[in-house]
Amino acid sequence: MRNKLATQLLFELSRPGNAAVHLPAPDVPQPPLECLLPDRFLADSPPPLPELTEPDLVRHYTNLSTQNMSVDTHFYPLGSCTMKYNPKRNERLAGMTGIGDLHPYQPQDTLQGLLELLHSLQQMLAEISGLDAVSLQPAAGAQGEMTALFVAAEYFRDRGQNRGIVLVPDVAHGTNPASASMAGFQTVEVKSTAEGLVDLDDLASKLDDRTAVFMITNPNTLGLFDGQIAEIAEMVHGAGGLVYLDGANMNAILGIARPGDFGADMMHFNPHKTFSGPHGGGGPGAGPIAVSHKLEPYLPVPVVVRDGDRYRLDDDRPKSIGRVRSFFGNTGVLVRTYCYLRTQGPEGLQRVSENAVLNANYLLSRVKHFLQVPHGDRCMHEFVASASPLKAARGVSAMDIGKRLLDFGFHAPTVYFPLTVREALMIEPTETESKATLDAFAEALFRVTEEPADLLHEAPHTTAVSRPDEVRAARKPILSWKMEDAG
Ligand SMILES: *Cc1c(COP(=O)(O)O)cnc(C)c1O
């Protein structure tokens, strides 16, 4: 049975005279608007805003909020995205008056606490990355990639080298080639081996004096740690290029391995994945980058620096690529990151990664009995299963399985990514889930794979909307419709 959809718009619920607040009559003079604003700024009539009672308003938004799945309502094994549970404590701390009420235009003298916090966050991220300098500016992982590539471009320009090519493995996240192209590079794809690792022969054949950067996600998007990384870095450096580490999968190696130690020159973090920042809905996010010493002069401004016992925003960096975002980054998210790091401490962070890897391997060990897992018996923090055999035998696709899981109260895994695995189901349980939840998910997944194809093609059967045209739904959303249209 379908859920009732909260379909009516606020405008349709509006009744003249309704109001959610009743303000007392003003006890100060009320000059006519014309005296306060020039005529040309005044509308002919007030805007047609909906008029609702407080209960109408609360119910409207509360009902809307239940039409979706979230980490707070459901298990959410969306591979690559690390949908772990975010401790509410960090929300509370980031919202405290001393932080939440600050304004970026305040004199720096009155922002010393926040600047100290950000400075200390820069140091913690440098330590975790094994690199030397950090910029907190970028607003998302993808913007971190782009920023670091601008840094690389500036570094080569400064050295008088003309290097215009970025190499990207075929299993890379789509943001990697997109960022490279936005930073003005041409991308060339590097093949993976049958085992899902970088094909060293293919890499060698594509490295030359035009190579600027080799971008690698490690552990990669198949959930495998590429143990050739030191050799890869040696090859890239030998050709005069830089190694970029896409840090989206850092939750598998925190406190265990450091990108700077295995050859990366620069990387980004995704605090909304790795460090429990709020995630989804298009933001807010953050994408701090860490770079090696030689790239530090090119980092965006401002950088938070320490002079004795004072902290300040340093804009005076002649080689900097400039600004990539307003002010000093998405501070609210950075404060949550700081709180998360301080709460876990070094041992806690290592346990986070150990448990993320343990949970993924436990789930893999259950799932492999009924779904093909092309890349082996062991994984890092996620793994990629394939519905390809099911599709061949019974016409059941990865999409069918993902959609049907919604009926069982589980968010779908990532489907059809990475592109190198056909009918891919990319499953990432994260470290915050219990064995009971993993067992329940494995059982639901097994049941789904046994169900009749017809039932699966029509799934989900219990959600407000079943199978919208995804492209059209994003481009031309239908914001209001009646129950009878829902079918
Ligand atoms: C999520 C992700 C990105 C992009 O990060 P955003 O913060 O979403 O911009 C890049 N690479 C990989 C592997 C990812 O999983």
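Domain bounds here come from an automatic or database domain assignment. I note at the start that the model is predicted.

**Entry 1: domains**

I looked up how the chain is divided. I found domain 1 at 4-65, domain 2 at 91-344 and domain 3 at 353-475. I then took the pair of domain 2 and domain 3. Their C-alpha centres lie 30 Å apart. In the contact I counted 22 residues from domain 2 and 19 residues from domain 3.

**Entry 2: the interface of domain 2 and domain 3**

The size of an interface is often given as the accessible area lost when the parts come together. For domain 2 and domain 3 I read a buried area of about 1400 Å². Carbon and sulfur atoms give 60% of that area. I also looked at the class of the residues on the domain 2 side. Where domain 2 touches domain 3, I listed 13 nonpolar, seven polar and two charged residues.

How many salt bridges are there between domain 2 and domain 3? I found zero. Polar contact does occur across this interface, in eight residue pairs, both residues at pLDDT 80 or more.

**Entry 3: cavities**

I next searched the whole structure for cavities. Two came up at 30 Å³ or more. The largest cavity holds about 90 Å³ of space. I noted 13 residues in its lining, and the closest to the centre are Pro169, Val171, Val198, Thr217 and Asn220. By class, I sorted the lining of the largest cavity into six nonpolar, five polar and two charged residues.

I turned to the second largest cavity. Its volume is about 50 Å³. Which residues line the second largest cavity? I wrote down Leu222, Leu224, Leu364, Val373, His375, Gly376, Arg378, Cys379, Phe383 and Val384. By class, seven residues in the lining of the second largest cavity are nonpolar, two are polar and one is charged.

Note on methods: Residues numbered from 1 in each chain as written. Predicted model: local features only at pLDDT ≥ 70, side-chain atom pairs only at ≥ 80, totals over all residues. Heavy atoms only, no water. 1 Å grid on protein atoms, 1.4 Å probe; cavity = no way out; pocket = protein on both sides within 12 Å on 5 of 7 lines; lining within 4 Å. Points joined across faces, edges and corners; volume = space filled by probe spheres on them. Nonpolar A, V, L, I, M, F, W, Y, C, P; charged D, E, K, R; others polar. Contact = heavy atoms within 4.5 Å. Buried area = accessible area lost by both parts, 1.4 Å probe. Salt bridge = Lys/Arg side-chain N within 4 Å of Asp/Glu carboxyl O. Polar contact = N/O pair within 3.5 Å; in protein donor to acceptor, adjacent residues only side chain to side chain.
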